[in-house]
Amino acid sequence: VQLQASGGGLVQAGGSLRLSCAASGSDFRVNVMGWYRQAPGKQRELVAHFSSGGSPIYADSVKGRFTISRDNAKNTVYLQMNSLKVEDTAVYYCNAIRYGRSYWGQGTQVTVSS
């Protein structure tokens with residue numbers, strides 16, 4: 001599985017961005033998809049992902065502001081980010097778990113200015 005993330009950029013606090021992650025390969029539906037982020041000097045952390053049952057799960061820090069969604073027809077997962085905060089600044093990574101193997105995209109930078 002190859003993952004191509006896009007949509008990052010520079011935005012002011014309070015603004016919005018939508019990240020996209022397009023996945024290669026067949027049968028996208030079997031992939032458990034998620035988004036992670038890594039800020040400078042910090043460990044990579046989960047932002048949002050779909051449970052094995054398909055329900056979205058969010059980190060407490062983004063609940064109510066971020067929404068993960070997927071379009072199986074387009075082999076794409078999205079992360080809509082609203083009410084962005086300076087502390088959301090990080091490189092955002094798309095992740096896919098497929099038959100027990102984990103795959104990562106190249107990351108897309110999100111910078112939120114005050």
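**Exercise 1. The hairpin of strand 5 and strand 6**

Task: Determine how many residues lie between the strands in the hairpin of strand 5 and strand 6, and which residue there takes a positive phi.

Solution: The hairpin of strand 5 and strand 6 has five residues between its strands, and Gly54 takes a positive phi near 95°. Strands here are DSSP runs (E, at least two residues), numbered from the N terminus, and two strands pair if DSSP finds at least two bridges between them. The model is a predicted one, in which local features need pLDDT of at least 70 and side-chain atom pairs count only at pLDDT 80 or more, whereas totals for chains, interfaces and linings use all residues. Residues are numbered from 1 along each chain as its sequence is written, and side-chain values use heavy atoms, with hydrogens and water left out.

Strand 5 and strand 6 (residues 56–58) pair in the antiparallel sense over three bridges, and within this pairing Phe50 has Pro56 of strand 6 as its bridge partner. Gly53 lies in the loop between the two strands; its relative accessibility is 70%, so Gly53 counts as exposed (buried means under 20% relative accessible area, exposed over 50%, partly exposed in between, with a 1.4 Å probe and protein chains only). Between Gly53 and Val32, which are 21 residues apart in sequence, the C-alpha to C-alpha separation is 9.4 Å.

**Exercise 2. The hairpin of strand 4 and strand 5**

Task: Describe how strand 4 and strand 5 pair, and state which residue in the turn of their hairpin has a positive phi.

Solution: Strand 4 (residues 32–38) and strand 5 (residues 45–50) are paired in the antiparallel sense over four bridges, with Trp35 standing opposite Ala48 in strand 5. Six residues lie between the two strands of this hairpin, and Gly41 in the turn has a positive phi of about 80°.

**Exercise 3. The nonpolar core**

Task: State which residues have the most contacts inside the largest nonpolar core.

Solution: A nonpolar core is a set of buried Ala, Val, Leu, Ile, Met, Phe, Trp, Tyr and Cys residues joined through side-chain atoms within 4.5 Å. The largest one has 30 residues, and Met33, Trp35, Leu79, Met81 and Tyr92 have the most contacts inside it. At least two residues of this core come from each of strand 1, strand 3, strand 4, strand 5, strand 7, strand 8, strand 9 (90–98) and strand 11 (108–113).

**Exercise 4. Salt bridges**

Task: State how many salt bridges the structure holds, and which residues are joined into one network.

Solution: The structure holds four salt bridges, each defined as a side-chain nitrogen of Lys or Arg within 4 Å of a carboxyl oxygen of Asp or Glu. One of them joins the side chains of Glu45 and Arg37 (2.7 Å, N to O); Glu45 is partly exposed at 36% relative accessibility, whereas Arg37 is buried, with a relative accessible area of 6%. Another joins Lys63 and Asp60 (3.1 Å, N to O), and here Asp60 is exposed, with a relative accessible area of 65%.

Arg65 forms a salt bridge with Asp88, the closest N and O atoms lying 2.7 Å apart. This pair links distant parts of the chain, since Arg65 is in the loop between strand 6 and strand 7 and Asp88 is in the loop between strand 8 and strand 9, 23 residues apart. Arg65 is buried at a relative accessible area of 11%, and Asp88 is buried at 0%. Through salt bridges that share partners, Arg37, Glu45, Arg65 and Asp88 are joined into one network.
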